[in-house]
Amino acid sequence: MRGPSAVVRPCTQCSRIDADVKIKDALTAVYPVLELFRLDGNWPANKTDAIAKAIIVSTKIPAEYRLGLHLNQQIDVPAFEALRERWGHLMAEERGWRTRLSTFGPNAWPRPAELRASATIFQKSGLGKAFATISGAAKPARELVARLGLSHAPAPAEDLLRLAAHVESIYEFDDDEAAANLFGSSWEGFDTKFDQIAFGIKARQYFAEQIGQELTQRLIEIDPEGVRQLHNFEEAANTARKTIAKLGSRLDERSIDLTIDMLAEEIATMQRVADLDQEGFLGEFDLSVRELSEIAALHKERDRLQRLLDTSPLKYAAEELSQGPGGIDDAFASIDWLGALRRLPMPTFLSSKLSSSGASDAWARTLAIASKAQADLQAHDDLQGRLRVEFGIKALSRYDLGKLLEVTAELLQHRDELRELLGLYRERRGLESLGLKEFLDCADQHRIDPGRLTQLLGAVLAYRGAELAKKSSEALHANTGASLENRRRQFADKDRAKIRDDRTRIKAKLLQRQPVAGTSFGKKKAWTEMALLRNELEKQKRFVPVRTLLAQAGRSIQALQPCFMMSPLSLAKFLKAGSLSFDILVIDEASQMRPEDSLGAMLRSKQIVVVGDPKQLPPTDFFARSGESSPEEDEEFEDLDDESILESCQKTFGYRRPLRWHYRSRCESLIRFSNEQFYRRELVTFPASKPESFSIDLIRVV
């Protein structure tokens, strides 16, 4: 019958094996997920719990809110919360109106002006109400009330006015420029996904607290297909978290790959030990299996060395040395002495004497001879030093005394060339003192033609200057050609995406604007707005003049086509005074336009943007007069250039915003003269690929 230790030890080994197997299975189960996070097996094993937690929290995100993780990750949270609160009040009012006016459906609300106009009709009484009925103005108001479901309301006029105020609030919210700048491309006005963005903000904060900022960002960047694959590991993640919570104290900073391999090796070793130790003898030792294995290996190595010494012919010599006064230490000292002699470059006869039984006497005589030769050797070293310092000659120091004697005898045969050689070395030393030593040594090594050294030095200096500029500038040092190209491509993609998003947003906003219904009573020439436009669209001839059409249907035309592009003459010809107004006026090529020609458009606009170049020629009627007057009249008339609207605005408003970047000229030489002579070198131009090139070439045909 086995004792207690024989019983306990195998059970302890089995429990250790079971624990290692569970940890290994947990790591292996979540290992495929690393690729979805763009990680690999180098991820620390003690951070596996964070991976498992990321899997679990990802499964809890509703599909309709997952988009919120990606939206506005850098948004100003306090500003967002304030805007969301404002949106929440508007949304509550919107739900109230939609519930009350359910018969109207999900259609876009009528414009505030239409609602107020209808409210004005219902506020009339007596003669005014009768006149509105006779003229037909009351019919559109009654139709609007019927469509809204307010036909039986006790006070439809008040409801229309309150609804108009609500719609105006939505319009103001849609046109909030600060909100558009805050949200960027995700801004959709009243339809902005506030709830999803709010969820994304809270979810990112929670994830960062639970799994860290790095894993949070990697989780957000997983594509939809990857998310579906990730959720397949939910059960494995739950199991892994339970295992790590119970047994994870053994995990450390080592990688998952290394940890799995170590666990597999340890499981195999412990299993073999358990299979061999059927009787539980290892239970008598308070040591681990690994420690016992190391002790056994040391005993085995000791036995091997003892067997090797027993079969060696040096066995008796080793025993004799070990019995001497110095023992083994003297033997090792002798071995070190012989090894040192072999490494030194000395004559064979001297090496033999120093390794013989009379080595002590030979060593004493060698020291005596060396002390006598010390003065001559010092003089030799001093002369070699002068050659190196004064002339930079190092080649002679590489020779031994015998070879040096031969080289010196050969050099003495060319003593007539010595003066030129020494002069050349002095010039070289001067260049080396300027920091060109490495350059000259490299030129000698590669045997470069001296005639090319000047050009080559210029190239080296240019390259070193560029490297120095790169190191001294953090912006240049932190970027490479590939990273700059990647940023340029990202910027171009985001720019194109913003243009597309702006188009979509503006289109959606414009589609919400409905043209005015207008009146269709009486004679057709008295019809207005859409009633008149529909009648004109069906005609084949005898159209209403453009001026009349814009006067009677201008608001509807603006709703359908909000942008007008007109010359000053066309504007005065087609638009009656006070008929239409515009949010903004853009005057292009303003340096060519007189102030009196632009006043008509400016009086019809709330804001103006004047674009032009003050360096261009001002407006003039010289060419218009040149064909109408005689030479005598031209001599009497003093040609005076008029002031442009650009100059007038600069004097009046004083606000000027110059455009710095010049991108139209592919060759810089086209704009260089103007930039230097007129624009005070303030234009940012882009150099051509060939320096000093000119965009115009002279080609001689004959």
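Analyst: Start with one term: buried means under 20% relative accessible area, exposed over 50%, and partly exposed in between (1.4 Å probe, protein chains only). This is a predicted model, where local features need pLDDT of at least 70, side-chain atom pairs count only at pLDDT 80 or more, and totals for chains, interfaces and linings use all residues. Residues are numbered from 1 along each chain as its sequence is written, and side-chain values use heavy atoms, with hydrogens and water left out.

User: OK. Is Lys606 buried or exposed?

Analyst: Lys606 is exposed, with a relative accessible area of 65%.

User: And which residue does Lys606 meet in a salt bridge?

Analyst: Asp583, at 3.6 Å from N to O. A salt bridge is a side-chain nitrogen of Lys or Arg within 4 Å of a carboxyl oxygen of Asp or Glu. Lys606 lies in strand β2 and Asp583 in strand β1 (residues 582-587), so the pair ties together parts that are 23 residues apart in sequence. Asp583 is partly exposed, at 49%. Strands (E, at least two residues) and helices (H or I, at least four) are DSSP runs, numbered from the N terminus.

User: How many salt bridges does the structure hold?

Analyst: It holds 28. One of them joins Arg84 and Asp195, 3.3 Å from N to O. Arg84 lies in helix α4 (residues 77-100) and Asp195 in helix α10, so this pair links parts 111 residues apart in sequence. Arg84 is partly exposed at 26%. Asp195 is partly exposed too, at 33%.

User: New topic. Where is Thr192 found?

Analyst: In the loop between α9 (177-183) and α10 (194-211). Thr192 is buried, with a relative accessible area of 3%. A polar atom of its side chain lies 2.8 Å from the backbone nitrogen of Glu188.

User: What is Thr192 in contact with?

Analyst: Leaving aside neighbours within four places in sequence, Thr192 is in contact with Phe183, Ser186, Trp187 and Ile197. Contact means heavy atoms within 4.5 Å.

User: Last one. How many residues line the second largest pocket?

Analyst: The lining has 31 residues, and Val611, Gly612, Asp613, Arg657 and Leu659 lie nearest the centre. A pocket is an open set of points on a 1 Å grid over the protein atoms alone, where a 1.4 Å probe fits, with protein on both sides within 12 Å along at least five of seven lines; lining residues have an atom within 4 Å of a point.

User: Which helix gives the largest share of that lining?

Analyst: α32, with 4 residues.

Note on methods. Polar contact = N/O pair within 3.5 Å; in protein donor to acceptor, adjacent residues only side chain to side chain.
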